[in-house]
Every structure is written in structure tokens, then in C-alpha cells.
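Visitor: Please take me through this model by question and answer, with the cut-offs behind each term.

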Amino acid sequence: MRFDIFTLFPEVCAPYVQESILKRAQAAGLVDVRLHNIRDYAPGKHQVTDDEPYGGGGGMVMKPEPVFNAVETVLGSGAGDAPEASKAPTPIILLTPQGRTFNQEIAYELARHERIALVCGRYEGFDERIREHLATDELSIGDYVLTGGELAALIVVDAVARLLPGVLGDPTGAEDDSFAMGLLEYPHYTRPAEYRGWRVPDILVSGDHGKVARWRRQQALLRTRRRRPDLLERAPLSKDDRKLLGD
Ligand code: 6GU
């Protein structure tokens, strides 16, 4: 899957995508992350990418021309059209606090695409015509304001890439993630069995796989109820789950 990130600060994004799982996924040809500097597509000697807002007021606004040029050059004109007739059109996603809030469900949805484009905002925001005539979607990563969309774009790339077959080393992959199941994860332990006097729960070293699975399910349910009752309400629970919760 290919990710095209459009940004005024590609050097902010490069280190993250060049390490760890994303590095391996790219080396294996599973993922291709391309960084594009919007400034390279700004006309004129000074390659200006922002300007004062019409109507006055503070702050600067990202000019439409460099952003349209960058995205249309890289995706081909008719950006947003399908790369091949059969395939879904490439989403062009603006990263902005005004977007819908990114979550696991959106990550799954994006992972079905062959390619996505992520456009990072800086300054006060985008000229509205970028939003209206170039973008196909807008995403935020939460209710707080960042100085730019770069961190948000990296979060989207990371969350989507790890869902692609083969990207995680673990053969079960992302299947039993928290959120994938609609629950938070159960507690994990590794060696040593005792650390500073704190013991691993006996059940985990009992060798009884059935009991371990039940305990884990119960822990996930209890933890989700305590920390994220909103998630538990939406999770599909079995009769056995109700029993484990003591309902
Ligand atoms: Cl996508 N951009 C900015 N600038 N701030 C944010 C955000 C994005 N998501 C949450 N806050």
C-alpha cells in the first residue's frame, strides 16, 4: 500500500517512517511511504506557501496553488480518480482539527485502499477551496490543537500500515488488538515470574489454556468496564461474557 504525505516539513516525518516496523514493511515491499514537500510545488522565486486571510484577522492561510500542484502532480491530474478503472479512487485526506476523529474503524476502512494521500496543514489552516475541491475527506486525531498535521499523518500511516497482511511479525497480526475486539487488552506478563516480590498471576503459569483464555477475557471485560464504559456498551457480549462480568 502506498502513502503519499504532503507537508511543508517532510524532515519531521522521515525519521519515524524510517525505523522499526514501518522500515521493515517498506523493505519487504508491503508499504511505500513517500514524502513530498509542498514548497517544491509553490511557484515563484520565493516559493510562498501561505498568505494573509481575506477579510483580515490574524494568522496565515495555506495558499491553494502549491497544494493543488503538489497533489495533482504526484497523483496525476484528476487526483482523486481511480488509479485503475477497477480500483477505488485514492482518498485525499486533509489532516486538520476540523476533521472527523480518526479511530480504528477508519483505519480498517483506509487499509482497503491501494493508495492514500495525506495533506498536512500548518498555519491557521487551508484555503477553503482545498477543502472543497481537492480533499475527499478530513481527519483529526483528537480534540486538541497541534501546530501541524504531520504527527496526525504519521499516526494514520502507522495505524493503517500495521493492519496490512505481513506487516506485523506476529502471525495473528492485529486481529486480537484491543479495539479490534471492541475491548481493552487483558494484562500481559513476561519473565521473571517474580519481580521485586510481585508475582505473575498463578493462572498464567498453570498450563491450563482454557482457564488462561477465560481469565484473559474476564480481565479485558473488567478493565474495559472500569476504564472505557463507552466501549463496553458498544461491544457485542455473549452470555458467558455477562457471567464473567458478574452481571
Ligand atoms: Cl490533524 N492537525 C492539527 N493541527 N491539530 C490537530 C489534529 C490535526 N488533530 C488533532 N489536533
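**Pockets, helices and backbone**

Visitor: How does the lining of the second largest pocket divide by class?
Guide: The classes are nonpolar (Ala, Val, Leu, Ile, Met, Phe, Trp, Tyr, Cys and Pro), charged (Asp, Glu, Lys and Arg) and polar (the others, Gly among them). By these classes, the lining of the second largest pocket has three charged, nine polar and nine nonpolar residues.

Visitor: On what basis are such values given?
Guide: This is a predicted model, in which local features need pLDDT of at least 70 and side-chain atom pairs count only at pLDDT 80 or more, while totals for chains, interfaces and linings use all residues. Residues are numbered from 1 along each chain as its sequence is written, and side-chain values use heavy atoms, with hydrogens and water left out.

Visitor: Which element gives the largest share of the lining of the second largest pocket?
Guide: A pocket is an open set of points on a 1 Å grid where a 1.4 Å probe fits, with protein on both sides within 12 Å along at least five of seven lines; lining residues have an atom within 4 Å of a point. Of the 21 residues lining the second largest pocket, Leu95, Thr96, Pro97, Leu146 and Gly148 lie nearest its centre. Two or more residues come from each of β7 (125–126) and β5 (92–101), strands being DSSP E runs of at least two residues. The largest share, four residues, comes from β5.

Visitor: Which domains each give at least three residues to the lining of the largest pocket?
Guide: The largest pocket has 13 lining residues, and those nearest its centre are Gln104, Glu105, Phe179, Leu231 and Arg234. Helices α4 and α8 (229–234) each contribute two or more residues (helices are DSSP H or I runs of at least four), and α4 has the largest share with three. By an automatic or database domain assignment, at least three lining residues come from each of domain 1 (2–161) and domain 2 (178–245).

Visitor: How far apart are the C-alpha centres of domain 1 and domain 2?
Guide: The assignment gives these two domains as residues 2–161 and 178–245. The distance between their C-alpha centres is 38 Å.

Visitor: How are α4 and α6 oriented to each other?
Guide: Ala107, Leu110 and Ala111 in α4 meet Val156, Ala159 and Val160 in α6 (heavy atoms within 4.5 Å), a contact of six nonpolar, no polar and no charged residues. The axes, lines fitted to C-alpha atoms over the stretch in contact, come within 9 Å and cross at roughly 70°. With 65 to 115 degrees as the range for the term, the two helices are therefore roughly perpendicular.

Visitor: Which residues does a cis peptide bond join?
Guide: Most peptide bonds are trans. In the loop between α6 and β9 (194–195) lies Pro192. With omega about 5°, the cis bond joins Arg191 and Pro192.

Visitor: Which residue has a positive phi although it is not a glycine?
Guide: The residue is found in helix α2 (residues 20–27). With a phi of about 60°, it is Ser20.

Terms used. Axes fitted to C-alpha atoms, helices over the stretch in contact; angles between N-to-C directions. Parallel < 35°, antiparallel > 145°, perpendicular 65-115°, else oblique.
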